[in-house]
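Student: I would like to learn how to read a protein model. Could you walk me through one, step by step?

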Amino acid sequence: MWFLELPEDVRLARLLARHVAFGRAPADAQGWVEAVDGPNATTVHATRARADLIVQLKA
């Protein structure tokens with residue numbers, strides 16, 4: 001299993017931009033990122049220690 005790790009600010013900016021690009025209003029996209037993507041990220045991050053390879057992106 002691979003784990004992709006990147007700075008939190010980059011992760012959030014990319015998620016927000018993706019939701020807006022697919023038609024969500026910026027405020028709705030921000031709410032989705034906080035309410036849905038945030039908890040999902042917490043769940044995924046909990047699996048980091050089990051990864052065979054950790055890929056770290058700087059930006």
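Predicted model: local features only at pLDDT ≥ 70, side-chain atom pairs only at ≥ 80, totals over all residues.

Student: What volume does the largest pocket have?

Tutor: Rolling a probe the size of a water molecule over the atoms shows where empty space is left. Here the largest pocket comes to about 460 Å³. It is lined by 19 residues, and those closest to its centre are L4, L6, R11, A41 and V44.

Student: Which element supplies the largest share of the lining of the largest pocket?

Tutor: That is α2, with seven residues. At least two lining residues also come from each of β1 (2–5) and α1.

Student: Let me step back to the overall fold. In what order do the elements of the protein chain run?

Tutor: Starting at the N terminus, the order is β-α-α-β, which gives two helices and two strands. The C-alpha trace spans about 40 × 20 × 15 Å along its principal axes. Of the chain's 59 residues, 22% count as buried.

Student: Where does helix α2 bend?

Tutor: Look at D37: helix α2, residues 26–45, bends there by about 40°. A proline, P39, follows within four residues.

Student: Which residues of α2 are buried, and what do they pack against?

Tutor: A residue is called buried when its relative accessible area is under 20%. In α2 the buried residues are A29, V33, D37 and G38, so D37 is both a buried residue and the site of the bend. The buried residues of α2 pack against α1 (8–21).

Student: Is P26 buried or exposed?

Tutor: P26, found in helix α2, is exposed, because its relative accessible area is 56% and the cut-off for exposed is over 50%. Leaving aside neighbours within four places in sequence, P26 is in contact with L16 and V20. The C-alpha atoms of P26 and L16 are 7.5 Å apart, although ten residues separate them along the chain.

Student: How many aromatic pairs does the structure hold?

Tutor: A pair of aromatic rings is described by the distance of the centres and the angle of the planes. In this structure the count is zero.

Student: What sits over the ring of W32?

Tutor: The charged end of R24 does, 4.2 Å from the centre of that ring.

Note on methods
Residues numbered from 1 in each chain as written. Heavy atoms only, no water. Phe/Tyr/Trp six-rings, centres within 6.5 Å; stacked < 30°, edge-to-face > 60°. Lys NZ or Arg CZ within 6 Å of the ring centre and 35° of its normal. Bend = angle between axes of the 7 residues up to and from the residue. Buried < 20%, exposed > 50% of the residue type's maximum accessible area, 1.4 Å probe, protein only. Contact = heavy atoms within 4.5 Å. 1 Å grid on protein atoms, 1.4 Å probe; cavity = no way out; pocket = protein on both sides within 12 Å on 5 of 7 lines; lining within 4 Å. Points joined across faces, edges and corners; volume = space filled by probe spheres on them.
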